[in-house]
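Here is a walk through one fold, element by element. Keep the structure open as you read.

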Amino acid sequence: MKIWVDADACPAVIKEILFRAAERTGLQMMLVANHSMRVPPSRYIHFLQVASGFDVADNEIVKRLDAGDLVITADIPLAAEVIEKGGHALNPRGELYTVDNIRERLVMRDFMDTLRASGIDTGGPAPLTQSDRKYFANQLDAFLTKHAKP
């Protein structure tokens, strides 16, 4: 199993949690983004810079993803593609997207897009809190304990 990170929008504090998890577990982690970023020197942590453009990073993740891999993303359409391909998707707030909940998330996302397009200010996501970070770390640990092979 590999960990893939949709790194363009992944908060730095979540990346730090992921860096520690990769080192602790020895799992390969690939951060994918369309702009350069610094990653710690590690034999487990890698960075792939892709061309700029709509969904270029997402498409690269889906192309390289193997069934059973974990993708860290808040992008619901990407999460849906990951699940369809047999992967797992966890958002930076610790919510695991599943076959059972992804359709509902896609419908809500599309509804909110429609509201925004009609001029209604729906606001953005709330800032990431300390409890969000802790919840993410706990969910990641639980997932890796259950799915990662030693």
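Helix H1 (residues 12–25) lies across S1, strand S2 (28–33), S3 and S4. The helix runs at about 150 degrees to S2. Contact here means heavy atoms within 4.5 Å. Axes are lines fitted to C-alpha atoms, for helices over the stretch in contact, and angles run from 0 to 180 degrees between N-to-C directions. Helices (H or I, at least four residues) and strands (E, at least two) are DSSP runs, numbered from the N terminus.

A word on the source. This is a predicted model, in which local features need pLDDT of at least 70, side-chain atom pairs count only at pLDDT 80 or more, and totals for chains, interfaces and linings use all residues. Residues are numbered from 1 along each chain as its sequence is written, and side-chain values use heavy atoms, with hydrogens and water left out.

Now the sheet. Six strands form an open sheet in the order S3-S2-S1-S4-S5-S6, with mixed pairing. Two strands pair if DSSP finds at least two bridges between them. Strand S3 (45–49) and strand S6 (96–97) are the edges, and each pairs on one side only.

Turn to S1. Four of its five residues are buried, so S1 is largely enclosed by the rest of the structure. Buried means under 20% relative accessible area, exposed over 50%, and partly exposed in between (1.4 Å probe, protein chains only). S1 and S2 run parallel, joined by five bridges. Trp4 has Met30 as its bridge partner in S2. From S1 the chain crosses through H1 to S2, a right-handed β-α-β crossover. Right-handed means that, with the strands pointing away from the viewer, the path from the first strand over the helix to the second runs clockwise.

On to S4. Strand S1 (residues 2–6) and strand S4 (residues 70–72) run parallel and share three bridges. Trp4 takes Val71 as its bridge partner in S4. Val5 is bridged to Ile72.

Helix H5 (residues 130–147) lies across S1, S4, strand S5 (88–90) and S6. It runs at about 160 degrees to S5. Asp132 sits in helix H5. Is Asp132 buried or exposed? Asp132 is buried, with a relative accessible area of 17%. Its side chain makes a polar contact of 2.7 Å with that of Arg93. A polar contact is a pair of N or O atoms within 3.5 Å; within protein, one must be able to donate a hydrogen and the other to accept it, and residues adjacent in sequence count only if both atoms are side-chain atoms. Leaving aside residues up to four places away in sequence, Asp132 touches Arg93 and Pro127.
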